[in-house]
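User: I'm new to reading protein models. Could you walk me through one, feature by feature?

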Amino acid sequence: MPFPAAQPGGAAVGPMGLRELLLSATAAAEAGGGGDEEVCVVGIFGKTALQLCSEKEALVSTVCDRQVFPLFPEEEDPELADGDPGEEFDLASKDYNHLEAYYSQENRVLYLVLTSICDTSQLLRACGDLAKAESRENRPGGPGPLPHAEAHEFWKHQEKLHCLSLLYLFSVCHILLLVHPTCSFDITYDRVFRALDGLRQKVLPSLKAAIKDCPVGKEWKLNCRPCPPRLLFLFQLNGALKLDPVPSRGQDPCGHLEKPPPKKHSPKRRLQHALEDQIYRIFRKSRVLTNQSINCLFTVPANQAFVYIVAQDGDDPVAMLLEQLRNNCTMRETDSLLAPTLSGPRRYQMMRHGRQQLSFHAESSSSSSSSSGQLVDCTLKEFLWQHVELVLSKKGFDDSVGRNPQPSHFELPTYQKWVATALKLYEVTIDAKDDDPNSLTGELSSKIMSSIKVLESYLDIDTKFSENRCQKALPMAHSAYQSNLPHNYTMTVHKNQLAQALRVYSQHARGPAFHKYAMQLNEDCYKFWSNGHQLCEERSLTDQHCVHKFHLLPKAGEKPEADRNPPVLYHNSRARSTGACNCGRKQAPRDDPFDIKAANYDFYQLLEEKCCGKLEHINFPIFQPSTPDPAPARDESSPAPPEGEIEKLKEKEPQTQGESTGLSLALSLGQSTGSLGTYPPDAQGGGDNAESHGQSGDSKGEKRPSLVDRQASTVEYLPGMLHSNCPKGLLPKFSSWSLVKLGPAKAYNFHTGLDQQGFIPGTNYLMPWDIVIRTRTEDEGDLDTSSWPAPNKAVPGKRSAVVMGRGRRRDDIARAFVGFEYEDARGRRFMCSGPDKVMKVMGGGPKESAIKALNSDMPLYILSSTQGRGLKPHYAQFMRLFVVVPDAPLQITLTPQVQPGPPPCPVFYPEKQEITLPSDGLWVLRFPYAYVTERGPCFPPKESQQLMSYKVLRGILKAITQ
């Protein structure tokens, strides 16, 4: 709204925002309006109580004898206050300080009222915004309570903005009124004024540059204020000091007691004097007030009152309203004569008449005495006007004390000159926080905002104490972290020690800096750990840590270098075990393996040259590359190839059997054409394999596999081992299994058992497995008549008949032998006759049949039969399956399947799922030492885990008679 020029009638303009008033007055001056009258500027700030109407706004209404500010202020629209829901909610950009202005042209006084978070309304708004910030989804920490440090930073930032508004008031006002809702002085104002004084000295060059072209005097430009402002204090009584009611006529006020003599000053005036002495002593002690007023942030009069106590009614709101209604409805004689002529401000005076405890009349003065002998207290308007008149009369304030007082400067500006200067200061201190920093106003504003850090040492005492406390707690936390630490340690030990350090830190650290120094503690501990104390995090396939500090692995053809930083070394856990070769005849020590090739292939290949190299092997199919740089398959299920890919696979079928790279998986398995036999059904108990490899569980019909299932990839290889979750058509570069023939069937002696190293005495026997075969008749043809005798005739030199029972011979029974061998880390070996049952034969061979073990899930790990002295149990692992195949008309099929962990652990099997063992042989199937998938190794069981979850599935052997 535009600011009108001064009118002859002395009309007053309603309150408005200071920014609007300055802009409208500037526009009116450019249009040639008025504004040549000299004005006195009065600033009002302070705190308010929990009341409907602000005491600061009611103060202006009381002094002006009219309702200046509305009784019920307009509330801000919540939708406008919240802003766009999609916008980012930034608490740091919020400013709850608001300056309102009211110019009384009648008295030539301009009132500036500062509303901040010290007022109830703005405090509620700030708390509401904090609640909204906590509920925002896009907050970094998500919805929830704000951290203590973040909330503390918000409130301290608002205090700094409040100090900037106060700095503006102290730079443009002649008189300042500090309003406080109680009758006791708030000692925190001493800290605020010292902070303001330091901030003013810091930003004084920027303020001088801002007003250097303003139409004001030289002293104003030099000191950036019209005069050292005089600070007055207004306190609310709030029932702390109550006066007894005056007794009525005929009533003895004290009964039989003697009435004390009246004092010269009333209790309220005595309280004012006590507060003046207290405030003056405090400010002099802290050097906020000095002898020379020109060097002070503000002054207080030496010979005038600068404290006023506003008395209020009783605490009972209902009684107060009834008394107000009674006084307003009761017309006095003077009021009845003036009633027809009441209008305008007089109407407000009549409404206030009932609340005036001691009304001030023109003929009375502060020195007049009441009938009781006490001096009558002055009103608020008289208290303020004695200071305003010094300004309007251009006398100024002479508040310097001491032997050689220096006069302070004073200037009474015209309204337009004051507006021009106040607008410049408003732009650089309050309004131009987001202006272009390249402009003069933006540059000065940025300098002022950067200088606001000087307030932290005065205002943010909590953070200063918290930082000192947290800094003292950091060394104790560091000591707790480094206590009982080895030279090198893993991430788990680092986290445990860090948690202990944080517990020690939390016992001693306090305040808003807690989180900041906790993060510093985290960083310091991490730097200590990573600076030469970091242990290699790699675990072996037996779940043992590498003992080297953080190092790199040697590349192909590179030698280990322990002196490099970081060193180049192979993994080593310093754990050694004893293992046997593929056939089991030779034992050798082995290092703890860290990769699958070293565990299941390299160790056995070294022993192969010394022991098993000349034995007959059944090799498993492996990856045959067709490109010089094959790639490992990705860890995802392979989709079915399109029809075009099938045609390409058909074209790639081998033309000659000599091309090893073109051999299909079906040919290598011996299952392609009719001459090589039909494609076998799925193994018994291998339902998972049947589903993953496209085989049917129905064994009645013959089914040839499709080209896609039979063709192995020659471009991608399987990085781990073959198991039920692998993609179809992929093979590893090496086999983790081994199948070796130790000799003919007669190489095994039933009475003495196996003659190999490492077996515990009495556990080296194989269990008998009696297989029923049908006797051939003369009508049945035989493909090879030279190799099979006629019915009911014995074979020369062959003892195929088995002694059954008490020496009775039966020609329809063939006896095979089966042994489940377990081996522990110390090289001790033993056979098991059933789940969790270690074989123990005293002599003469085992009596128990192998049928029970073959029809059960055998454990992959079992407690070793000889435990050590320690508390940690030693486990033995299922490593070999011994099978003696007799020279009889039967076919024994080997289908090993291992599940090395609880579900959903996959089932492992060799690259050839069904292996037909030739007759008349002692065969050894060596199982993998470690089981690894694409996602990592399957570690051995812990003490608390069930051993039966680690198992070799039943149905490992099947016998088919011919």
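User: Which residues does His617 touch, leaving out those up to four places away in sequence?

Analyst: A contact means heavy atoms within 4.5 Å. By that rule, His617 touches Glu608, Cys612, Leu739 and Val740. Keep in mind that this is a predicted model, where local features need pLDDT of at least 70 and side-chain atom pairs count only at pLDDT 80 or more, while totals for chains, interfaces and linings use all residues. Residues are numbered from 1 along each chain as its sequence is written, and side-chain values use heavy atoms, with hydrogens and water left out.

User: Where does His617 sit, and what polar contact does its side chain make with the side chain of Glu608?

Analyst: Helices (H or I, at least four residues) and strands (E, at least two) are DSSP runs, numbered from the N terminus. His617 belongs to strand β10, residues 616–617. A polar contact is a pair of N or O atoms within 3.5 Å; within protein, one must be able to donate a hydrogen and the other to accept it, and residues adjacent in sequence count only if both atoms are side-chain atoms. The side chains of His617 and Glu608 make one at 2.5 Å. A polar atom of the His617 side chain also lies 2.7 Å from the backbone oxygen of Leu615.

User: Where is the kink in α19?

Analyst: The bend at a residue is the angle between axes fitted to the seven residues ending there and the seven starting there. In α19, a kink of about 35° is centred on Leu606.

User: What is the average pLDDT of the protein?

Analyst: pLDDT is the predictor's confidence in each residue, from 0 to 100. The protein averages 76, and 72% of the residues score at least 70. Over residues 246–251 the pLDDT is below 50, and that stretch has 1 contact in the model beyond near neighbours in sequence.
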